[in-house]
Amino acid sequence: MRPLVFGLLDMDLRVAGPNDVALFENVHEDVFDDVIQPDLLRSYLADPRLHLVVAINDGQIIGMVSGMHYHHPDKPPEMWLNELGVAEPFRRRGIATALVRAMGDVGRDLNCTALWVIADPTDMAEGFYTSLGWERMGDRLAMFTGAL
């Protein structure tokens, strides 16, 4: 991907791959929910269906969006956004928008027909995704989980 300038902030966007493990040695503490585990990172970056676009400023990862492309027997390929995170000091500069658009480019390259996310229906999520021209589908969100 190409270098971008956001105000006075120089930033690179990169689709991380198996050879980019070293990039994750310098991640702003506010980007991921938890501490990155090296074995899980290597496994994630090696999986061809999992995608991670990172925003890098001054050698530090300051934002990321993760996604997975998939298809069903009755539906064409789609790209699902799993998580989006931008470190608090870098928010409201267009970085999240650039990350999501970059993931859209990844999806287009994979012949995906849609890019979608499930988010808590907060004003922030609503404002962000509708600013991208996305359409809201539904009113509620419920997540169910079962132990394996």
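Here is a short chat about a predicted model and the terms used for its parts.

Visitor: Why is histidine 69 called buried?

Guide: Buried means under 20% relative accessible area, and histidine 69 comes in at 12%, so it counts as buried. You'll find histidine 69 in strand β4.

Visitor: What makes the link between histidine 69 and histidine 51 a polar contact?

Guide: The cut-off for a pair of N or O atoms is 3.5 Å. The side chains of these two histidines are joined at 2.7 Å, so the pair falls within that limit. Leaving aside residues up to four places away in sequence, histidine 69 also touches Glu78, Met79 and Cys112, among others.

Visitor: How do you know that β3 is largely enclosed by the rest of the structure?

Guide: Count its residues: seven of the eight are buried, so the strand is largely enclosed.

Visitor: And what makes β3 and β4 a pair?

Guide: Pairing takes at least two bridges. Eight bridges join β3 to β4, so they qualify, and the two run antiparallel. In their hairpin, two residues lie between the strands, and aspartate 58 takes a positive phi near 55°.

Visitor: Which residues touch the most other members of the largest nonpolar core?

Guide: Phe24, Ile95 and Leu99, out of 35 residues in that core. The largest share, eight residues, comes from α2. As for Phe24, its contacts beyond four places in sequence include Phe32, Leu41, Val54 and Ile61.

Visitor: Why might such residues gather at all?

Guide: In soluble globular proteins, nonpolar side chains tend to be buried together.

Definitions and conventions: Residues are numbered from 1 along each chain as its sequence is written. This is a predicted model: local features need pLDDT of at least 70, side-chain atom pairs count only at pLDDT 80 or more; totals for chains, interfaces and linings use all residues. Side-chain values use heavy atoms; hydrogens and water are left out. A nonpolar core is a set of buried Ala, Val, Leu, Ile, Met, Phe, Trp, Tyr and Cys residues joined through side-chain atoms within 4.5 Å. Buried means under 20% relative accessible area, exposed over 50%, partly exposed in between (1.4 Å probe, protein chains only). Helices (H or I, at least four residues) and strands (E, at least two) are DSSP runs, numbered from the N terminus. Contact means heavy atoms within 4.5 Å. A polar contact is a pair of N or O atoms within 3.5 Å; within protein, one must be able to donate a hydrogen and the other to accept it, and residues adjacent in sequence count only if both atoms are side-chain atoms.
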